[in-house]
Amino acid sequence: MSFRGTTTLLSRATRIKSKLQSSLEATVLELDDVSYQHAGHAAMKESSEKETHFNLKIVSDKFEGQSLVKRHRMVYDLLSDELQSGLHALSIVAKTPKEITPDAK
């Protein structure tokens, strides 16, 4: 993704969605910013960061055959820049399309 000529900075949520969608080709990608729930915590009191805590639900064929730990590792690897620049916590639900289909066995 090129940011050349961009006059406004993309939000962390937008960057996260873009990185995950382009790499994992998600069929479901829900990202909720829950930073407001942690604003008073000691680690956040001295921080100027606003987008620090997220809940993620992602569904991708790329998770097929991968353990839960491997799925989370895939997400964390894609977001390593964000984790090093202010993303403090990410709650992840990572499933395959088969795992969310009602008739999946």
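Two strands count as paired if DSSP finds at least two bridges between them. With that rule in hand I went to the sheet. β2 and β3 pair in the parallel sense over 7 bridges, while β1 and β2 pair in the antiparallel sense over 6 bridges. Strands here are DSSP runs of E with at least two residues, helices are runs of H or I with at least four, and both are numbered from the N terminus.

Before going on, a note on the source: this is a predicted model, where local features need pLDDT of at least 70 and side-chain atom pairs count only at pLDDT 80 or more, though totals for chains, interfaces and linings use all residues. Residues are numbered from 1 along each chain as its sequence is written, and side-chain values use heavy atoms, with hydrogens and water left out.

**Bridge partners.** I looked up two pairs. Aspartate 32 has asparagine 55 in β2 as its bridge partner. Valine 59 has lysine 95 in β3 as its partner.

**How covered is β2?** I checked how many of the residues of β2 are buried. Buried means under 20% relative accessible area, exposed means over 50%, and partly exposed is in between, with a 1.4 Å probe and protein chains only. β2 turns out to be mostly covered, with 5 of its 7 residues buried.

Leucine 90 sits in strand β3 and is buried, at 11% relative accessible area. Leucine 90 is in contact with Leu31, Phe54, Leu56, Val75, Tyr76 and Leu79. I also noted that leucine 90 and asparagine 55 are 35 residues apart in sequence and 5.8 Å apart in space, C-alpha to C-alpha.

**Helix α1.** I did a length check, with the expected span being 1.5 Å times one less than the number of residues. The 13 residues of α1 should span 18 Å, and the end C-alpha atoms are 18 Å apart, which agrees. Which residues of α1 are buried? I found Arg12, Ala13, Ile16, Leu20 and Leu24. They cover an arc of only 100 degrees around the axis, so they are on the same side of α1; the arc is taken over directions from the helix axis to the C-beta atoms. The buried residues of α1 pack against β1 (28–33), β2, α3 and α4 (80–83).

**Glutamine 21.** Glutamine 21, in helix α1, is partly exposed, with a relative accessible area of 33%. The side chain of glutamine 21 reaches the backbone oxygen of alanine 26 at 3.1 Å.

**Glutamate 25.** Glutamate 25 follows α1, in the loop between α1 and β1. I flagged its positive phi of about 50 degrees, as glutamate 25 is not a glycine. Is glutamate 25 buried or exposed? Glutamate 25 is exposed, with a relative accessible area of 53%.

Key
Contact means heavy atoms within 4.5 Å. A polar contact is a pair of N or O atoms within 3.5 Å; within protein, one must be able to donate a hydrogen and the other to accept it, and residues adjacent in sequence count only if both atoms are side-chain atoms. Lists of a residue's contacts leave out its neighbours within four places in sequence.
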